[in-house]
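Trainee: Could you take me through this structure one question at a time, and show me how each answer is reached?

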Amino acid sequence: MAAQASDRGAGTLRLHEAHRFPNRPVRTGDTLHWDILSLYGGVLDGLRAAGAHTSGPLASVGIDSWAVDYGLLDASGALLGNPVHYRDPRTEGEAAKLAAVLPPRDLYAATGLQHLPFNTLYQLTAARGSAALEAAHRLLLVPDLIAHWLTGVAGTELTNASTTQLLDPLTRYWSRQVADAAGIDLTLFAPLREPGDPAGELLPHVLAETGLAGPVPVTAVGSHDTASAVVAVPASGEDFAYIATGTWSLAGLELRAPVLTEESREANFTNELGVDGTVRYLRNIMGLWLLQECLRAWEAQGAPQRLDRLLREAADVPGLRTLVDAGDPAFLAPGDMPRRIADACRRAGAPVPVTPAETTRCVLDSLAHAHRRALDDAQRLAGRTVRTAHVVGGGAHNTLLCQLTADACGLPVVAGPAEAAALGNVLVQARTAGAVRGDLADLRALLRGTLELRRYEPSGDRAAWESAARRFLGAERHIPAT
Ligand code: LRH
């Protein structure tokens, strides 16, 4: 997405969506890839559209994307193959192999990262010996790769670097211990840069191709989309939690220091680095991917569903009839999601949803329950008390999900902004450009003064959620046995 922010003296911010482009992963052979050149083409189109929308020169450009994935460049700067999608199964078994040389508790103490089978660390151990990795001189995470093509400058932005599972959250620098144990050459990474750092200028051929007048500075932002989304959580004070909803739900707290205890590892909480020295203490939950994949499956089966109607019908289905574990890795890969959900219910001895509305209700109840578990665990593990849960990202539009989340958590939910990642990205750029001033609290106050937010009060019987979870989920495991 390309966006434009303007600070109009009185401290307001206007976000204009200049362009939006699809992101379609492509499978060749048995590998699932990102179509990175098509994404880069979309970025160029976005810059052209942003330029057409603005009277003067663009003040800044900032790039964020999903985490963990990377492209490899050879000595001449050529891309060595299309980046592999984190949902590709190539990392299966890698965690167990690494655990034999670096026990999981030592890995967690060194990096504070939750176990996700697709962390960059495991992608790199899986790729060991491959022609591409052998020939590689540089590894650039996806937003850094796009920024490199725009500017010619190579850097590794810190918030996204922290999702590699190769970074120490205490020193905010690479962990040699982990890299050595995994046989990873840290010189592949370009120098670290902080959100807000200058990251070069658009190259002359990029200006020519997009019709922009130079110079146009590029600014490092929280290049991990979740880091940018958390910047744009319109909270005041410190007693808030956030749930960044989209393909994933990222539910947790903003902290000043990581929590590296064994209990935290067992609960599979992550300490990703945030903007302005913060830590994003959160758990990954499968998110609206569950529903997106159901919609794709129903369409492929010749029974396409309209989302707005489906959500209305799901609201009329009695709640808590059945729950699935929204952290179950069985849901990670693309494929027939309604069948996998039905299988999970069968395995748990729970009633199997039959209609699309019943399946949708099962997904949303399950997500709301997983949100509640994550926020309960986060508060216990970090010794914090939450009074408001902020839902940002695409799920902020989903009124049923927001209400169910308020009910399950027993907390008021403030929903919005849906475009949190874009807003957080723009705010960090705007601060570097001198258009806005202050710390995260100031940026959030600016948002609160600008956005229309919707509040959901908790209703219903909170204990019913706990008893449904006991019936259908038993003891949820947060880390697979390695
Ligand atoms: C969300 C996200 C999430 C990561 C996943 C790979 O887009 O960046 O924070 O865990 O993608």
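## Reading a chain from its residues to its domains

Trainee: Does R172 count as buried, partly exposed or exposed?
Mentor: For R172 there are 16 C-beta neighbours inside 10 Å. A residue is buried if 20 or more other C-beta atoms lie within 10 Å of its own, exposed if 12 or fewer, and partly exposed in between, with the C-beta atoms placed from the backbone. With its 16 neighbours, R172 therefore counts as partly exposed.

Trainee: What is the mean pLDDT of the chain?
Mentor: This is a predicted model, where local features need pLDDT of at least 70 and side-chain atom pairs count only at pLDDT 80 or more, while totals for chains, interfaces and linings use all residues. Residues are numbered from 1 along each chain as its sequence is written. The term pLDDT stands for the predictor's confidence in each residue, from 0 to 100. In this chain 96% of the residues reach 70 or more, and the mean pLDDT is 95.

Trainee: What phi does R172 have, and where is R172 found?
Mentor: Most residues other than glycine have a negative phi. R172, although it is not a glycine, has a positive phi of about 55°. Helices (H or I, at least four residues) and strands (E, at least two) are DSSP runs, numbered from the N terminus. In those terms R172 is found in the loop between β8 (167–168) and β9 (173–174).

Trainee: Is N268 buried or exposed?
Mentor: N268 also has a positive phi of about 55° without being a glycine, and its place is the loop between α11 (262–266) and β15 (270–273). Within 10 Å there are 21 other C-beta atoms, so N268 is buried.

Trainee: Which peptide bond has omega near 5°?
Mentor: Most peptide bonds are trans. The bond from G214 to P215 is cis, with omega near -5°, and P215 sits in the loop between α9 (204–210) and β12 (217–219). P417 is found in the loop between β18 (413–415) and α17 (420–432). The cis bond with omega near 5° is the one from G416 to P417.

Trainee: Which residues does N425 touch, beyond those up to four places away in sequence?
Mentor: N425 belongs to helix α17, and N425 is buried, with 30 other C-beta atoms within 10 Å. Two residues are in contact if their C-beta atoms, placed from the backbone, lie within 7 Å. Leaving out residues up to four places away in sequence, N425 touches G62, D64, V221 and S228.

Trainee: How far apart are the C-alpha atoms of F240 and V413?
Mentor: F240 is in strand β13 (residues 240–245), and with 20 other C-beta atoms within 10 Å it is buried. Not counting residues up to four places away in sequence, F240 touches V233, A235, V386, T388 and H390. F240 and V413 are 173 residues apart along the chain, and the separation of their C-alpha atoms is 10.0 Å.

Trainee: What is the radius of gyration of the chain?
Mentor: The chain contains 19 helices and 19 strands. The radius of gyration is taken over C-alpha atoms, and the globule rule is 2.2 Å times the number of residues to the power 0.38. For 482 residues that rule gives 23 Å, and the chain is as compact as a globular protein of that length because its radius of gyration is close to this, at 22 Å.

Trainee: Which element gives the most to the side of domain 1 that touches domain 2?
Mentor: The domain bounds, which come from an automatic or database domain assignment, are domain 1 (2–219) and domain 2 (233–416 + 452–482). Their contact takes 23 residues from domain 1 and 21 residues from domain 2. On the side of domain 1, the elements that give two or more residues are α2 (94–99), α3 (104–111) and α7 (158–161). The element that gives the most, with four residues, is α3.
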